[in-house]
Amino acid sequence: MNQQIHLVRGAVLHFLRDPGPVDDASACEFFEDGALLIEAGRVSAVGEWGHIAAALDPAAREHAQLHDYRGHLILPGLVDTHIHYPQVGVLGSFGRQLIDWLTEFTFPAESAFADPAVAHQCAEFVVRRMLAHGTTTASVFATVHPHSVDAFFEAASHFDLRMLCGKVMMDRNCPDSLRDTAVSAEHDSRALIERWHGHGRLRYTLTPRFAPTSTPQQLDVAGAMYAAWPDLHVQSHLAENKREIEWVRELFPDRRSYLDVYAHHGLIGPRTIYGHCVHLDEAERKWMADTQTAAAFCPTSNLFLGSGMFDYRAARDAGMAVGLATDVGGGTSLSLIRTLGEAYKVSQFCAQPLAPLSAWYLATLGGARALGLEHFIGNFEAGKEADFVVLDLHATEELAWRISHASTLQERLFALQTLGDERCVVATHAMGRPVYRRD
């Protein structure tokens with residue numbers, strides 16, 4: 001275990017609760033000259049530098065590792081609630097909507113993962129690039145191949161990251177090279193759960209790709225495993241594209257809605273998260289809220305694939321837990337900062353613009369809550385795992401110029417949200433230790 005004491009100095013911001021539609025400033029704590037005291041990888045204290053430094057035992061301070069980030073903003077590590085790591089090789093592929101995207105780009109890319117060497121190379125690349133973008137936690141889709149999960153978890157465990165991942169389950173409407181069965185999916189998933197779930201900071205996520213590519217028998221298997229392990233996670237897709245929704249109606253004529261398909265097979269509840277949720281009605285949003293079923297807001301991919309506009313305000317008003325997601329490779333960047341800029345544009349289109357405090361809550365504590373990980377990560381409350389990102393608000397000349405004209409914290413955060421990107425990431429820390437530093 002990491003017993004090192006870390007003392008971190010800089011402008012510190014974290015959230016205690018959702019700022020809500022009024023962007024309530026009392027929902028966060030901000031220390032212009034702030035400090036984090038980290039012991040054995042966990043937050044021991046957060047507050048003003050003078051207070052934290054003065055209260056620290058002199059012997060402990062002498063042996064502490066000091067990280068001086070004055071002039072920069074320190075936030076909890078960013079949380080990506082929906083990403084397909086094998087699709088990084090098809091980022092920016094031209095001109096298709098969801099179903100065509102799957103057949104022309106996704107399936108060929110994932111078929112290459114039959115080679116374990118391809119999986120390991122890609123996993124190592126994606127984990128390194130996540131850290132370079134300030135992301136310390138993600139809910140990750142692998143491929144149907146069990147070794148694709150091994151590859152990702154091995155890469156994440158090298159940095160002692162809090163990560164979720166699962167083997168895609170897919171036994172119909174897909175290429176033969178990517179098809180499993182209900183029986184093999186259960187066998188492979190159980191073996192992966194035994195191998196990785198609870199190993200260090202890693203957790204396993206049951207991952208039926210989406211309802212059209214799983215038979216009812218396979219969905220039953222996933223639901224039974226979710227019920228059998230009290231702390232397993234579930235991830236899939238829901239109501240992303242209108243053509244997809246019609247397909248679900250054809251495949252499951254006895255179910256009254258897409259969400260009802262998952263509910264019927266026992267796949268809604270705590271620690272379940274569905275990507276997109278663009279085309280839901282008020283009753284479905286309430287059903288998700290009542291069952292603690294979360295949504296991953298994927299603005300970049302929803303725009304890129306022409307899927308539609310997620311109504312964040314309606315979801316929040318219904319009481320749904322929502323996290324932010326890059327959805328690579330339909331999304332075009334691993335950067336959650338860039339994704340926040342797209343989230344603002346989508347919310348502006350819905351005539352309910354995403355305010356800056358709400359945006360950064362969504363990328364940190366909101367994401368942790370959506371994944372059922374808020375007891376571990378998401379803010380700097382004492383005892384939380386000390387993952388954080390250090391951001392330079394002067395990383396580009398345009399951003400620096402805008403910041404020089406900002407007079408409030410909210411103005412600075414909004415400029416960062418709309419003008420910032422991975423160039424702003426100075427350093428990323430996991431359990432207190434630096435795992436990425438900008439050259």
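Q: Which helices and strands each supply at least two residues of the lining of the largest pocket?
A: In this predicted model, the elements that each supply at least two residues of that lining are α10 (282-290), β12 (293-297), α12 (312-317) and α15.

Q: And which one gives the most to the lining of the largest pocket?
A: That is α15, which contributes 3 residues to the lining of the largest pocket.

Q: OK, how many residues line the largest pocket, and which lie nearest its centre?
A: The lining of the largest pocket is made up of 20 residues, and those lying nearest the centre are G319, M320, A321, R369 and A370. The volume of this largest pocket is about 360 Å³, and its lining divides by class into 10 nonpolar, 5 polar and 5 charged residues.

Q: Which helix gives the most to the lining of the largest cavity?
A: Helix α3 gives the most there, with 4 residues, and the lining of the largest cavity as a whole has 5 nonpolar, 6 polar and 3 charged residues.

Q: What about the second largest cavity, what lines it?
A: The second largest cavity, with about 40 Å³ of space, is lined by P76, G77, T136, T137, I377, G378, N379, E385 and D387. By class, these residues divide into 2 nonpolar, 5 polar and 2 charged.

Q: Where does E385 lie, and which side chain does it meet in a salt bridge?
A: The side chain of E385 meets that of R162 in a salt bridge, at 2.6 Å from N to O. E385 lies in the loop between α15 (365-370) and β14 (388-391), while R162 lies in the loop between α5 (146-157) and β7 (163-166), so this pair ties together parts that are 223 residues apart in sequence.

Q: Are those two buried or exposed?
A: Both E385 and R162 are buried. They also belong to a network of salt bridges that links R42, R162, R201, E385 and D387, and two of its members, E385 and D387, are named in the lining of the second largest cavity.

Q: How many salt bridges does the structure hold?
A: The structure holds 27 salt bridges. One of them joins the side chains of D100 and R243, at 3.8 Å from N to O, and it links distant parts of the chain, since D100 is in helix α3 (residues 98-111) and R243 is in helix α8 (residues 242-251), 143 residues apart.

Q: How exposed is D100, and how about R243?
A: D100 has 29% relative accessibility and counts as partly exposed, and R243, with a relative accessible area of 49%, is partly exposed as well. In another salt bridge, R423 meets D421 at 2.6 Å from N to O, and there D421 counts as buried because its relative accessibility is 6%.

Q: Going back to α5, which of its residues are buried?
A: The buried residues of α5 are S148, V149, D150, A151, F152, F153, A155 and A156, and what covers them includes α4 (116-132), β6 (135-141), β7, α6 (182-196) and β9 (202-208).

Q: And how many residues does α5 have, and what span does it reach?
A: Helix α5 has 12 residues and reaches 17 Å from its first C-alpha to its last, which is close to the 16 Å expected at 1.5 Å a residue.

Methods: Residues numbered from 1 in each chain as written. Predicted model: local features only at pLDDT ≥ 70, side-chain atom pairs only at ≥ 80, totals over all residues. Heavy atoms only, no water. Salt bridge = Lys/Arg side-chain N within 4 Å of Asp/Glu carboxyl O. Buried < 20%, exposed > 50% of the residue type's maximum accessible area, 1.4 Å probe, protein only. Expected span 1.5 Å × (residues − 1). Contact = heavy atoms within 4.5 Å. 1 Å grid on protein atoms, 1.4 Å probe; cavity = no way out; pocket = protein on both sides within 12 Å on 5 of 7 lines; lining within 4 Å. Points joined across faces, edges and corners; volume = space filled by probe spheres on them. Nonpolar A, V, L, I, M, F, W, Y, C, P; charged D, E, K, R; others polar.
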